[in-house]
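Here's a quick briefing on the model you have open.

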Amino acid sequence: MRLLVVAVFFIHSLLAFEYQLKPQQISSNIYCFFGLPQVIDEHNNGNMVNSCFVDMGTSYLVIDSGPTYAYAKEAYGKINAIKKLPISYVINTHVHDDHWLGNSYYKELGIDIVGSVKFKNEAKLAMTRMQKRISKEAYAKTTQVFPNVFVDKEKTLTVNGKKVFIKSVNKKAHTSSDLLIHIPSLSALFVGDIVFNDRLPSLRDGNIKEWIKELEKVKSYNAKYIIGGHGEMVTPHSVDFTYNYLVELKQKVSAAIEDGEEIEDAVDNIKMESYKSSHMYNELQRQNVETAYRTLEWEQ
Ligand SMILES: [Zn+2]
């Protein structure tokens, strides 16, 4: 019987889904897992998003918990293998599910999860986007766990004597729930999906004008590390790709509206050649033109 139990556990551990995550060291205090520049599918199983661990000395701060329970568990396991520490807080940068479904693992550990007050308006979905698109094995044990500590305008946490300033963008930029996390003593600024630096940003739930304004504010922070929700660049230049893309998109769409071009024609005509070889151009360019057009036509 005992042998059988051992055998069942052994087989179960073989079946537990593994992402093969590899932590990247950003500074002496920061490690990140960088996702692939891809749409969510059954091959990457949601490993297309960044999740970072900040060593605060006596605990880790987790910035975005990733796409699944299995992802979060594996990520924390890999970080603990480098240095074993408890977690003080998990912070969710916004409501897109690739950034927070890993909360289901951290809740099991009893950790406080911090997010925008806008999470309160989110209804639990019958099926998440992740659940629809990834394998059952990867999604196993994942549930929708929302934050239990909310940020309205701003909130300051003190962890081991270090200040963590969390600021709500407070306007619809990438979403209506975007948070920026600034840790001056580590010269680090985490900006969630305000910054994509290796693929086209998704404008679907955003506002192009406010997003550009927010990027201008992000540029003015004096931080050595500016870390976005997608992409491996972590210098202040990580901001440039999204900023340049959105500024060009806004200018082209505004010109089309001014010329009286219909939305369908703008979607067909605004190609932005220099981004054609960027990841996710084919998936997002037309949709971004359409979203920008709908925002800008009301505001002109
Ligand atoms: Zn997002």
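A residue counts as buried if 20 or more other C-beta atoms lie within 10 Å of its own, exposed if 12 or fewer do, and partly exposed in between, with the C-beta atoms placed from the backbone. This is a predicted model, where local features need pLDDT of at least 70, side-chain atom pairs count only at pLDDT 80 or more, and totals for chains, interfaces and linings use all residues. Numbering runs from 1 along each chain as its sequence is written.

**Overall fold**
- You get nine helices and twelve strands in the chain; these are DSSP runs numbered from the N terminus, with helices being H or I of at least four residues and strands E of at least two.
- The chain is as compact as a globular protein of 300 residues, because its radius of gyration is 20 Å, close to the 19 Å from the globule rule (taken over C-alpha atoms; the rule is 2.2 Å times the number of residues to the power 0.38).
- Along the principal axes, the C-alpha atoms fill a box of roughly 75 × 45 × 35 Å.

**Burial and contacts**
- Buried residues make up 47% of the 300 in the chain.
- Among contacts with a separation of 6 or more, 69% join residues 24 or more positions apart; a contact means C-beta atoms, placed from the backbone, within 7 Å.

**Positive phi without glycine**
- S187 isn't a glycine, yet its phi is positive at about 50 degrees.
- S187 sits in the loop between β10 (179–183) and β11 (188–196), and is partly exposed, with 16 other C-beta atoms within 10 Å.
- K141, also not a glycine, has a positive phi of about 70 degrees.
- K141 is in the loop between α5 (136–139) and β7 (149–151), and is partly exposed with 14 other C-beta atoms within 10 Å.

Conventions: Contact = placed C-beta atoms within 7 Å.
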